[in-house]
Amino acid sequence: MKNIASTLATPLSTSKSRFRLASHSRLFLFPILIAGTLVVFLLELGIGSVKIPVSGIITTLIGGQVAEAMWSTIILELRLPRTLAAIIGGAALGVAGLQLQTLFKNPLAGPWALGLTAGAQLGVAMVVTAAAVIGSSILEKFEFMSNLSIVAGAMLGCVLVLMIMVTVSKYVSTITMLIFGLMLGFLAQGLISVILHFTNQSQTKIYAGWNDGSFAGVYWEHFPILIPIAIVGLVGSWLMTKSLNAFLLGENYARSMGLSVKRTRLITLACAVLLAGPVTAYCGPILFLGLIIPHLARGLFSTSDHRILMPAVMLLGAIVAQAADLFVHLPWEKHFLHLNAVNALIGAPVVMWVILKNKKMRGFEI
Amino acid sequence: MESVIELENLTTGYKTISDLKTITSGINTSLLREELVCLIGPNGAGKSTLMRTISGEQKPIEGKVYLEGKNIHDLTPKYLAKKLSLVLTERVHAGMLTAYEVVALGRFPYTDWSGKLKESDHQIIQGAIAMVGANELADRTLPELSDGERQKIMIARAFAQEPEVMILDEVTAFLDLPRRVEIIKLLRKMANEGGKSILLSTHDMDLALRGADRIWLLPKGGAMQVGAPEDLVLNGAFQKAFATEGMHFDSQSGAFKIHSTYKTLSH
């Protein structure tokens, strides 16, 4: 043993330093991503039908008096909640997507592709209907409760869908599972239409308002629920990075390294529900982001190491979601752009690229 | 020599509420320190079930498996991971992890919640990579490696887990002859110089006969026989275990011969 170690000592030291370079060579991107998040944040607050200069934004944010009184209203009541929702939504959906991709060993998994989004919507539709039947007066009296019941409904819908998907994943291949997830989504949409048929019009209107994904429907009163749940989900995900890395080798290897596969699956899926459920409850179905952001992070940092991917996905999610929302709210003259249209413009090409790249590698790689 | 794993009256198989299916029964043997044992036997003899039972993944129907004197099925997964590591047949898709990062996952049972590697961990990882002669592969990602190279990395990972016992299931299955010889040599080195006890299941009789310190021969439906390769060849155990129509084991050459009548038939 001793002589082996000594004879091989020389080539080793070089391979070590090279490895450390390879693994950490892209870490300089983190400050750039943080700066990028801030820049897009300021642009989000500044650009729109009314242009507000950076000085005006900063003054408003620190609570000072701005030249135009309207500015502070626009920023504080309209743009800031929307922007915060985009930051939280992008980070949450991205992290959920990353976890689902690793757990299901499926590069095209994501909250939307696996039907979680639709499940959450169905949950909300059920809550809205139930409120109509029971009489929403009780819920309306306590706005906080009504808020909470919608989020609870969304998470319950996610859990149901996940239970189905986990069962299905034991029997079908990765691609079949995605088709199954999308079908589950259509099924949920169909059910939602039928359910809403039985509610009164005003409630249907509330629902239709967020049936199309948008960060603009999130108001200040939603954050006391959205932020704590998102933080629990994100912290929980961060704690699972080591286990997710072991999962990259497959469940059998992970188990042989002392990992409790069942517990890891349970915690990770719970985090995915905490992340995708509330965001869908308040923002509606946000397509593509959860699927593509992990791939952008892997491409940018050139690694599958979750310890690097986790913060990278959070930052990239915040940037991409804000940028998409910014694009929607550019002062367009003739049209109103939908957030999901923008997401599709970014997302579809990325998905195509992932499919082609994986085909070349023959088999799925995460 | 000291035994690391001991099988005591071990009966393997599957037990459900209504059904009991015994696959192998009454096995008494041991795996010694610094020993490379090959488990061979025809398809369906129960090699995989036995391997799974010995590695603690599956409960035995009867009898016990002892690891350093402790019942392996009573150990916690975390403790077991520090004592026993696996290399499996399945192909690993580790995405964009480099070979170095894959070997580093062998340190999983030893690192804290964040998986941060200490300097000593790095030294062990590098030692394992050097052991399998894969220094130049360290920075490459797994999809960039050939089957043989990938298997070497997985063996290095199992070695970096610093176990007493390494259990390898059909790891030479996809490889060509030179690569198989290389792997067997490597495992011998890990056993004899690296101080590991290694159990390798294989279809490759030829290689097992030449490479193993001892052989566990598992005939279909029969009792397992344990011995040095040459003894099992000479006492006719091989011949019996692999007796099939159309071929026989030639103890003179230590290889299988296809009967001439069978040969002409197949033409």
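**Helices, sheets and loops in chains A and B**

Q: How many helices and how many strands are there in chain A?
A: This is a predicted model, in which local features need pLDDT of at least 70, side-chain atom pairs count only at pLDDT 80 or more, and totals for chains, interfaces and linings use all residues. Residues are numbered from 1 along each chain as its sequence is written, while chains are lettered from A and ligands numbered from 1 in the order in which they are written. Helices (H or I, at least four residues) and strands (E, at least two) are DSSP runs, numbered from the N terminus. In chain A there are 17 helices and zero strands.

Q: What percentage of the residues of chain A count as buried?
A: A residue is buried if 20 or more other C-beta atoms, placed from the backbone, lie within 10 Å of its own; it is exposed if 12 or fewer do, and partly exposed in between. Chain A has 366 residues, and the buried share is 47%.

Q: How far does helix 9 of chain A reach from its first C-alpha to its last?
A: The expected span of a helix is 1.5 Å times one less than its number of residues. Helix 9 (residues 174-197) has 24 residues, for which 34 Å is expected. The reach in the model is close to that, at 35 Å.

Q: Which loop of chain A holds Ser302(A)?
A: Ser302(A) is another residue other than glycine with a positive phi, near 55°. Because it has 16 C-beta neighbours inside 10 Å, Ser302(A) counts as partly exposed. Its place is the loop between helix 15 (289-301) and helix 16 (306-328).

Q: Which strands are at the edges of the four-stranded sheet of chain B?
A: Two strands pair if DSSP finds at least two bridges between them. The open sheet has the order 2-1-4-5, with antiparallel pairing. Strand 1 (residues 3-15) and strand 2 of chain B, for example, pair over nine bridges. Each edge strand pairs on one side only, and these are strand 2 (20-32) and strand 5 (70-71).

Q: At about what angle to strand 1 does helix 1 of chain B run?
A: Axes are lines fitted to C-alpha atoms, for helices over the stretch in contact, and angles run from 0 to 180 degrees between N-to-C directions. Helix 1 (residues 47-54) lies across strand 1, strand 2 and strand 4 (62-67) of chain B. Its angle to strand 1 is about 125°.

Q: Why do strand 6 and strand 10 of chain B each have one side without a neighbour in the sheet?
A: The open sheet of six strands has the order 6-7-8-3-9-10, with mixed pairing. Strand 6 (84-87) and strand 10 (225-227) stand at its edges, so each has a single partner strand.

Q: Within what arc do the buried residues of helix 6 of chain B fall?
A: The buried residues of helix 6 are Arg180(B), Ile183(B), Ile184(B), Leu186(B), Leu187(B), Met190(B) and Ala191(B). They line one face of the helix, because seen down its axis (taking directions from the axis to the C-beta atoms) they fall within an arc of 160°.

Q: Which residues on the other side of helix 6 of chain B are exposed?
A: The buried residues of helix 6 have cover that includes strand 3 (36-40), helix 4 (119-131), helix 5 (147-160), strand 8 (197-201) and helix 7 (205-211) of chain B. On the other side, the exposed residues are Leu177(B), Pro178(B) and Lys185(B).

Q: What distance separates the C-alpha atoms of Glu34(B) and Met190(B)?
A: Glu34(B) lies in the loop between strand 2 and strand 3 of chain B. Two residues are in contact if their C-beta atoms, placed from the backbone, lie within 7 Å; beyond its neighbours within four places in sequence, Glu34(B) has contacts with Ala191(B), Asn192(B), Gly195(B) and Ser197(B). Glu34(B) and Met190(B) are 156 residues apart along the chain, and their C-alpha atoms are separated by 8.0 Å.

Q: Which residues of the largest nonpolar core touch the most other members?
A: A nonpolar core is a set of buried Ala, Val, Leu, Ile, Met, Phe, Trp, Tyr and Cys residues joined through C-beta atoms within 7 Å. The largest one has 180 residues, and those touching the most other members are Leu275(A), Val103(B) and Ala156(B).
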